[in-house]
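Morning, everyone. Here is the structure I want to walk through today. Please have a look at it on the screen first.

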Amino acid sequence: MTPEQAAAAARPNVLGLGGAFLECPRTLRRVRRMGFSGWAFSVTGRGAVLGDVRAETVAAAIGIIAPDAVADCWDSAAEVAKPSKVAEVSRAECCRWGTDHLGGLPQVARLAELAESVVTAADPAGMPLFAAWRGLPPPVDAPPAARAAVLLHLLYEYHSGAILIAVRAAGMSPVEIVLAGPEGESGAVAYGWSPPYPPVGPLVRRRLWVESVADRIVSPAYGVLAPAERVELVTLLDTALTAVRNAPSHPD
């Protein structure tokens, strides 16, 4: 398995796992008790690591969510807590989610080890969210499942950043890449983009090109692993996503 093949194979699992804690019912219950809406936390839980910046900066870093929607979330969150506190809660919930959902995986420590090698080797140029999250001190004395969750979130931001770079290289707008995805117009609405929308048909092939370029961007980081380790990482990611999707919900 080449580094680019590994990046392509890992991408859907990383995107499915790395942001899952933001939508976890237990996370949402906690942040609602703090005064956040779930939607506001899904934005600020990613962007808060950038610090006390303007909403425009967060919108630019996330990329695919409409700037007005980001501003609504960011400004409403500012009335509840400072970005540093939101980032602290986000990291804690990521660790908690990992313990809940990945703790039963027999090879979770190995998953964390391989993911850490990729994260450490990754070039953060042009990826502010990945760089900011990676710059935080690692969780102290965290169990392997919590460490794995944090590393999966870092890989999520790494792949997401690469996709955003590739979107701009393709001459596509953020709303176009959302429309070309599996959720189509419902996804565009969910991300705050208002109609009318451009025709989807011509965008699908361009999305495939975007994904290919994004995989090429992140592939050097996967090159730090030996070919057999790349296969192992992809297999462990697939196992983890299957386990998470099939797991019963956790009580509060």
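Let's start with a helix pair. Helix 7 and helix 9 pack with their axes 8 Å apart, at an angle of about 35°. Keep in mind that this is a predicted model. The crossing of helix 7 past helix 9 is left-handed.

Who meets whom? From helix 7 we have Val 108, Ala 109, Leu 111, Ala 112, Ala 115, Glu 116, Val 118 and Val 119. They meet Pro 144, Ala 145, Arg 147, Ala 148, Leu 151, Leu 154 and Leu 155 of helix 9.

Take one residue out of that interface. Ala 112 sits in helix 7, which runs over residues 108-121. Is Ala 112 buried or exposed? Its relative accessible area is 0%, so Ala 112 is buried. Setting aside residues up to four places away in sequence, Ala 112 touches Pro 144, Arg 147, Ala 148 and Leu 151. For a sense of scale, look across to Leu 203. Ala 112 and Leu 203 are 91 residues apart in sequence, and their C-alpha atoms are 36 Å apart in space.

Now helix 9 itself. Residues 144-169 form it, 26 residues in total. From first C-alpha to last, helix 9 reaches 37 Å, close to the 38 Å expected at 1.5 Å a residue. Why call helix 9 largely enclosed? Because 21 of its 26 residues are buried, the rest of the structure largely encloses it. Just after helix 9 comes Gly 171, with a positive phi of about 75°.

Next, aromatics. There are 2 aromatic pairs by the ring-centre rule. One of them is Phe 130 with Tyr 158: the centres are 4.9 Å apart. The planes make 40°, which falls between the 30 and 60 degree cut-offs, so the pair is tilted. This pair links distant parts of the chain, with Phe 130 in helix 8 (residues 128-134) and Tyr 158 in helix 9, 28 residues apart. Phe 130 is at 1% relative accessibility, so it counts as buried. Tyr 158, at 2%, is buried too.

On to helix 4, residues 55-62. Ala 55, Val 58, Ala 59, Ala 61 and Ile 62 are buried there. Those residues cover an arc of only 165° around the axis, so they lie on the same side of helix 4. A reminder on geometry: an α-helix has 3.6 residues a turn, so residues three or four places apart point the same way. Which residues are exposed on the other side of helix 4? Glu 56 and Ala 60. And the cover over the buried residues of helix 4? It includes helix 3 (38-47), helix 5 (67-78), helix 8 and helix 9.

Pro 195 and Pro 196 are joined by a cis peptide bond, with omega about 5°. Pro 196 lies in the loop between helix 11 (184-190) and helix 12. Helix 12 covers residues 201-222 and holds Asp 215. Asp 215 has 5% relative accessibility; the cut-off for buried is under 20%, so Asp 215 counts as buried. What is Asp 215 in contact with, beyond its neighbours within four places in sequence? Glu 4, Ala 7, Ala 8 and Arg 11.

That's the tour. Over to you.

Technical notes: Residues numbered from 1 in each chain as written. Predicted model: local features only at pLDDT ≥ 70, side-chain atom pairs only at ≥ 80, totals over all residues. Heavy atoms only, no water. Helix = DSSP H or I, 4+ residues; strand = E, 2+ residues; numbered from the N terminus. Expected span 1.5 Å × (residues − 1). Buried < 20%, exposed > 50% of the residue type's maximum accessible area, 1.4 Å probe, protein only. Phe/Tyr/Trp six-rings, centres within 6.5 Å; stacked < 30°, edge-to-face > 60°. Contact = heavy atoms within 4.5 Å. Arc of directions from axis to C-beta. Axes fitted to C-alpha atoms, helices over the stretch in contact; angles between N-to-C directions. Left-handed = near helix turned anticlockwise from the far one by under 90°.
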